[in-house]
Amino acid sequence: MSNIDALSKKLMNDNEVFADAFNFLLYNGEPKIKPEDLKPLDTNSITVEINDTKVSSAVQKNRDVFKILSAKKTDKVGFLILGVENQAKTHYAMPVRAMLYDSMQYASQVDIKSKENRKNKKYSNSEEFLSGFKKDDRLIPVITLVVYFGSKAWDGPTNIKDMFINVDETISSYLPSYKINLIHPDLPDEELEKLGSELGIIMQFIKKSNNKNKLLEILEKNKRLHKVSIISATLIKETTGLNLKINKEKETIDMNKGVKELLEDSKKEGKLTAVYNFIKKGRMTIEEAANDIGMTVEQLLAGFKEYNLVL
């Protein structure tokens, strides 16, 4: 497992972040799913047997993060099974992969219910006996969300129909349409701002990490950057390549301060590189270069050493 995979799994296991992601997906960012209503589930999709037909263990898969939502709605209790798949790179078969996860979960529910019915002999007719599943039995809905942490744009299919060979419209109308639910950094800024957790901060940094002015925009707009978790800060560092200084002995980091220091450091390196090149080409003496950027000769030479600029 790569460092990004491990970090993203830790991040999405946090109920607050997990709830935020699904509130973004399902409710346009409104906080209708509460973190306390989420409970973890075993991420192993078990091999099941339906009508004496065993689904091969070769298709057993592991979810990245898997939770069940139990939320009261008026006089009823609503249940949803929610799964997250984290991706550091585009997965070109993701619609099939997500569909398999969901199908295995539904098959597992049918299998469990059928075994329960057979054990308790709860059948109204022969049809129910043959299927093992009663007419009024119901499944808990399953939703899979793909969270993409890549710096390159997602260029893979988002619907299984995108993966089929060319077929005419008549045949296409009989083929299933299975789309993936996707959160990715290239979403419009106004959409990413609907993510209220640190997931939104991470997505914005990935999106704007190659543009210093855009990074400064994030610092100006986002008031939550003074206290970002080490997991999120490290994930930003790993996904963007920003050379952030992170003290892993602390629980949080001031990203506002860290990024400003990084930009100042980059500016300093740029100045040193410029005068270094002039010195190497004989256009300046060391003394003239030091004076030009407001340093002593000793400070200039120490700066060259810091950035591996060898005269």
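In the predicted model, Glu-116 and Lys-113 are joined by a salt bridge in which the closest N and O atoms lie 3.5 Å apart. Both residues belong to helix H3 (residues 94-120), where they are 3 residues apart, about one turn of the helix. Glu-116 is partly exposed, with a relative accessibility of 34%, and Lys-113 is likewise partly exposed at 26%. The structure holds 6 salt bridges.

Another of these links Lys-208 to Asp-189, with 3.0 Å between the closest N and O atoms. Lys-208 lies in helix H7 (residues 198-208) and Asp-189 in helix H6 (residues 189-192), so this pair ties together parts that are 19 residues apart in sequence. Lys-208 counts as buried because its relative accessibility is 6%, under the 20% cut-off. Asp-189 and Lys-208 also form a network of salt bridges with Lys-207. A further salt bridge connects the side chains of Glu-191 and Lys-194 at 2.9 Å, N to O. Here Glu-191 has a relative accessible area of 25% and is partly exposed; Lys-194, at 27%, is also partly exposed.

Glu-128 is buried yet has no salt bridge, and the nearest side chain of opposite charge, that of Lys-134, is 5.2 Å away. Not counting residues up to four places away in sequence, Glu-128 touches Lys-122, Tyr-123, Phe-133, Lys-134 and Lys-135. Lys-134 is placed in the loop between H4 and E6. This lysine is buried and also lacks a salt bridge; the nearest side chain of opposite charge, Asp-136, is 4.2 Å away. With residues up to four places away in sequence again left out, Lys-134 touches Asn-117, Lys-122 and Glu-128.

Strand E6 (residues 142-148) is mostly covered, with 7 of its 7 residues buried. Val-142, Thr-144, Val-146 and Tyr-148 point one way from E6, whereas Ile-143, Leu-145 and Val-147 point the other way. E6 pairs with strand E7 (residues 181-183) in the parallel sense over 3 bridges, and Asn-181 in E7 is the bridge partner of Leu-145. Leu-182 is also found in E7 and is buried, with a relative accessible area of 18%. Beyond its neighbours within four places in sequence, Leu-182 is in contact with Leu-145, Val-146, Tyr-148, Trp-154 and Thr-158. The C-alpha atoms of Leu-182 and Leu-195 are 13 Å apart, and the two residues are separated by 13 residues in sequence.

The largest nonpolar core has 49 residues, of which Met-12, Phe-149, Leu-199, Phe-205 and Met-255 touch the most other members. Leaving aside neighbours within four places in sequence, Met-255 is in contact with Phe-205, Leu-219, Leu-225, Val-228, Ala-233, Ile-236 and Leu-244. A second, separate core of 10 residues includes Ile-279, Phe-304, Tyr-307 and Leu-309.

In the backbone, Asn-28 has a positive phi near 55° although this residue is not glycine. Asn-28 lies in the loop between helix H2 (15-27) and strand E1 (38-40) and is partly exposed at 48% relative accessibility.

The mean pLDDT of the protein is 85, and 91% of its residues reach 70 or more. Over residues 45-60 the pLDDT is below 50, and this stretch has 26 contacts in the model beyond near neighbours in sequence.

Technical notes:
Residues are numbered from 1 along each chain as its sequence is written. This is a predicted model: local features need pLDDT of at least 70, side-chain atom pairs count only at pLDDT 80 or more; totals for chains, interfaces and linings use all residues. Side-chain values use heavy atoms; hydrogens and water are left out. Buried means under 20% relative accessible area, exposed over 50%, partly exposed in between (1.4 Å probe, protein chains only). Lys and Arg count as positive and Asp and Glu as negative; His and the chain ends are not counted. A salt bridge is a side-chain nitrogen of Lys or Arg within 4 Å of a carboxyl oxygen of Asp or Glu. Contact means heavy atoms within 4.5 Å. Helices (H or I, at least four residues) and strands (E, at least two) are DSSP runs, numbered from the N terminus. Two strands pair if DSSP finds at least two bridges between them. A nonpolar core is a set of buried Ala, Val, Leu, Ile, Met, Phe, Trp, Tyr and Cys residues joined through side-chain atoms within 4.5 Å. pLDDT is the predictor's confidence in each residue, from 0 to 100.
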